[in-house]
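Please look over the structure below with its surface, its aromatic rings and its charged side chains in mind. The report that follows takes these topics in turn.

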Amino acid sequence: MYDFSDGAGLAVLAAAAVFWFIFAIAFYILSSIFLMKIFDKAGVQGRWRAWVPIYNYMVFSKLGDLSPWLILIAIAASVILSWIPVIGWILALLPLVVTMLAAWRVGLKLQKEPVWLILYFFLSIVWLGILAFDKSRWNTAIPAAPWAGNAFLSDRTVWAGIPSQAPAGGYPANPATQPAPGAYPPPAGYEPPAPPAGYTPPPAAAAPPAAAPQPPTTPPAAPEPPTAPPTAPPTTPPPTTPPAPPAP
């Protein structure tokens, strides 16, 4: 056992407390900046949303096709029931599970494969920083979430300033995220962020060649035969002996 009754022990505790306080403040500032950039890509209005603790991850859950109330329930359960042995430890992982599910969907919309969740699990701040400042563009043309039909897990809320995450690009409408009556439309005059300097859009697909002209289906008419037969040659043969010369 350590004896912290003297001044040196108290100084160690105070230094440790100051260190963790500075670490927590730095993590909060960096994560808020990164979330703000991700929210900008998603078209979320109001950068202040990224700076409100807990609420910022509720918005993050909405962008990840999860009910925003799940993260609130997970945090409350992990705090209130943390005193229960074993069960409390398991419940403490609930916020991480919810944010990882949301991160999976947000990553897909920013062209990141599911393997990127490994980085989020170990270094979420690095994952957020990469998605915030890379050249990926927000794209909802992904299949519906596996929990789309679950009323408890799927997002069915409509919050002003947060675009509905309806799928696009030919994918079937997600029953959990399709625009509900009165859903928030994009603001008037809103334009997506400009592409970075030097970015060249891919060439448009070439138009298919024009179809070859079809041959006529009706054959041409046959020429008509002449109506009058040709004139017959004379039947009298020409004389075979020359005529006699005239007399002198």
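This is a predicted model: local features need pLDDT of at least 70, side-chain atom pairs count only at pLDDT 80 or more; totals for chains, interfaces and linings use all residues.

Residues are numbered from 1 along each chain as its sequence is written. Local features need pLDDT of at least 70, side-chain atom pairs count only at pLDDT 80 or more, totals for chains, interfaces and linings use all residues, and side-chain values use heavy atoms, with hydrogens and water left out.

A search of the whole structure finds 12 aromatic pairs, where rings of Phe, Tyr and Trp (its six-membered ring) pair if their centres lie within 6.5 Å, and planes under 30 degrees apart count as stacked, over 60 as edge-to-face and the rest as tilted. The rings of Y28 and W51 have centres 6.2 Å apart and planes at 80°, so this pair is edge-to-face; Y28 belongs to helix 1 and W51 to the loop between helix 1 and helix 2 (55–63), 23 residues apart. F60 and W127 are also an edge-to-face pair, at 6.3 Å centre to centre and 85° between the planes, and because F60 lies in helix 2 and W127 in helix 7 (residues 124–133), the pair ties together parts that are 67 residues apart in sequence. F60 is buried at 0% relative accessibility, and W127 is buried at 1%, buried meaning under 20% relative accessible area, exposed over 50% and partly exposed in between (1.4 Å probe, protein chains only).

Six salt bridges are found in the whole structure, each a side-chain nitrogen of Lys or Arg within 4 Å of a carboxyl oxygen of Asp or Glu. Three of them are tabulated here.

| Salt bridge | N to O distance |
|---|---|
| K41 and D134 | 2.7 Å |
| K109 and D65 | 3.0 Å |
| K112 and D134 | 2.5 Å |

Through shared partners, salt bridges join K41, K112 and D134 into one network. Within it, K41 is buried at 16% relative accessible area, K112 is buried at 10%, and D134 is partly exposed at 23%.

Definitions and conventions: Helices (H or I, at least four residues) and strands (E, at least two) are DSSP runs, numbered from the N terminus.
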